[in-house]
Amino acid sequence: MALFAAARRAVASAAPLILRASASSGAQRGAALLRPLAAAAVRPQPRAMPFSSAPATRPSSDAELLSVIDSEIKYAEDCDDHDRVEEIPDNFPFKITDEKGMNAITLTRTYHGEQIEVVAHMPSLVTGDEPDHDRDDEDKGEEGDGSDEDQGEKPPQSSIPLTVTITKSDGPVLEFTCTAYPDEVLIDSLSVRQRSGDDENDLIAYEGPDFNDLDENLQKAFHKYLELRGISPLTTNFLHEYMINKDSREYLLWLRKLKDFFKQ
């Protein structure tokens, strides 16, 4: 671009002299050849447009989505107990570890030299279905006089998945998977494994029979075993209130993260 400008300036300055010389000598043909070059030299050149540094306009769909997210945030702030602080009962036996942004909390305690850890996940709503241990009785009622049908469905209630791990020094690990309702705890499965540190072996470890297939007295004994270690109605009632409130807090935090993304 600079080279072309220098050439244009040189031609522009020389053009009048050349034209005058050609006119005086009568070289009409040479003047005719030089006139287009001289005209090109003095013709205004278009100015180059610089690149725009202005940010791109946000798509309209993003703006609409951001508006909906704002409305949902306001609704959650007005309706949910997202800022409620739960009072831990005086006789609550566990220490609570709750990290913001996680979908589970961890309860820990020591009981007669045993290390007990309970991982409680977000609650889910049961839509009128009764727990598994009552279904056999329901089937028996249907085969009888059908009197159970007059009782109607149970009202919806929430349940919390629990994983209870119990260890003794360097010994094996006893692990329960449970479903906690407000007033009871159901044991879904039970496994015992060595703490080998080999995750692959842990994945293929035998987890025992279905808990409901165990002898009834053995089932009752394991429920009592967990209750003595703090997995009791007192704990599950508090957990339901705590986890429902945590779900509200985490939902609001999730919405705010979405808003921050679409505002960028």
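In this predicted model, strands S5 and S6 (residues 173-181) run antiparallel and are joined by eight bridges. Across this pairing, Val164 lies opposite Phe176 in S6. The two strands form a hairpin, with four residues between them. Within the turn, Ser169 adopts a positive phi of about 45°.

S5 (residues 157-168) also pairs with strand S3 (residues 114-121). Here too the sense is antiparallel, and seven bridges make the pairing. Ile116 faces Ile166 of S5 across these strands.

The helical part of the description concerns H3 and H7. Two packed helices are described by the angle and the distance between their axes. For H3 (residues 60-79) and H7 (residues 233-263), the axes come within 10 Å. They cross at roughly 155°. An angle over 145 degrees counts as roughly antiparallel, and H3 and H7 are therefore roughly antiparallel to each other. Their crossing is left-handed.

On the H3 side, the contact is made by Asp62, Leu65, Leu66, Ile69, Asp70, Glu72, Ile73, Ala76 and Glu77. H7 contributes Tyr251, Leu252, Leu255, Arg256, Leu258, Lys259, Phe262 and Lys263. By class, 10 residues of the contact between H3 and H7 are nonpolar and seven are charged. No polar residues take part in the contact. The charged residues include Asp62, Asp70, Glu72 and Glu77 of H3. On H7 they include Arg256, Lys259 and Lys263.

Terms used
Residues numbered from 1 in each chain as written. Predicted model: local features only at pLDDT ≥ 70, side-chain atom pairs only at ≥ 80, totals over all residues. Heavy atoms only, no water. Pairing = 2+ DSSP bridges. Axes fitted to C-alpha atoms, helices over the stretch in contact; angles between N-to-C directions. Parallel < 35°, antiparallel > 145°, perpendicular 65-115°, else oblique. Left-handed = near helix turned anticlockwise from the far one by under 90°. Contact = heavy atoms within 4.5 Å.
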